[in-house]
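Visitor: I have a model to look through. Could you explain the terms as we go?
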Amino acid sequence: MLEGLPPHRPTHVLRLDTNERAARAMTDLIGEVFDPTETAVAAFEAEDGRTWHLEAYFSEEPDEEAVRELIRPIVGDAADEAAFAAIDQQDWVRASLEGLKPVRAGRILVHGSHDRARVQPNDLPIEIEAALAFGTGHHGTTLGCLMALVDEVKRRRPRRILDVGTGTGILGLAAARLLHTRVIAGDLDPEAVATARTNAAFNGLANLMAFYEAPGLRHPLAGVARGYDLVFANILARPLRGLAPSLARAVASDGTLVLSGLIPRDVPGVLSAYAAQGFRLRRRRLIEGWATLELRRGGAAPRPR
């Protein structure tokens, strides 16, 4: 799991081994206290099934003692064992993803180059290497969106797809590969857009992808009223609430809106923002402590599953 968008220029990292409860609590706490554009927290389960590795990334050198005192109520004296270090910008994401396995959603398989041998004949593979942009497929929010895509295709075949906050491009690439249709994908970070373009070309999907660099939907490619059958926005709760009117305008009358980047306590506020735009909850997924919401227009909402 990971709280916050990874900082674009990370310079320092905090590492601490702990248990799952403490890892989740610190992920929530650090995500609340620090600016999510400048700090990110990743927590991963170790092979022993008991230990969790917590890593907090900072865009500038943190006040070590202040951070220790922040987490001390959660981990006690173990706060003194927290290790701070300067990091190489080019290696920070790769280091945090070492040892992670391929991620599967139906026939879609997201993997790194070292796991090409795991691709089966019927798979729809997306090869993604760790990069300085958000979205590797190993994060619970990305997996939740991939599963929502698989479910949507079981019901119908959306032809017009938009991925807002595309990161490394996984969701758009998966939709293009699965549906053989053109996908619009955008991000406010030029590095993310460049990475997504590279990934599209590497996966042989460049002809199906159109990318834009802009915040939210502030680009002619994205700002098409009722223009999309399926819209993904895997961001964070606060920007998702702010984007509610523009995302609502982009979704076709019978379209589906998939939102993620949410911890459970974010869900009521986000649902309220989109209910005001005429959307109801069709399904809620919870993966690794992260919620993914599938929304449709109007009607009585079924009980969340």
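Visitor: What makes residues 300-305 a stretch under 50 in pLDDT?
Guide: pLDDT is the predictor's confidence in each residue, from 0 to 100. Over residues 300-305 it stays under 50. The model still has 10 contacts (heavy atoms within 4.5 Å) beyond four places in sequence for this stretch. Where pLDDT is low, the predicted coordinates should not be read in detail.

Visitor: What are the ground rules here?
Guide: This is a predicted model, where local features need pLDDT of at least 70, side-chain atom pairs count only at 80 or more, and totals for chains, interfaces and linings use all residues. Residues are numbered from 1 along each chain as its sequence is written, and side-chain values use heavy atoms, leaving out hydrogens and water.

Visitor: What is the average pLDDT of the protein chain?
Guide: The average is 86, and 86% of the residues score at least 70. Residues 1-8 fall below 50, yet this stretch has 47 contacts in the model beyond near neighbours in sequence.

Visitor: Which residues is Thr181 in contact with, leaving aside neighbours within four places in sequence?
Guide: Pro158, Arg159, Ile161, Ala176 and Leu208. The backbone oxygen of Arg159 lies 2.8 Å from a polar atom of the Thr181 side chain.

Visitor: Where does Thr181 lie?
Guide: Thr181 is in the loop between helix H5 (170-179) and strand S10 (183-187). Helices (H or I, at least four residues) and strands (E, at least two) are DSSP runs, numbered from the N terminus.

Note on methods. Polar contact = N/O pair within 3.5 Å; in protein donor to acceptor, adjacent residues only side chain to side chain.
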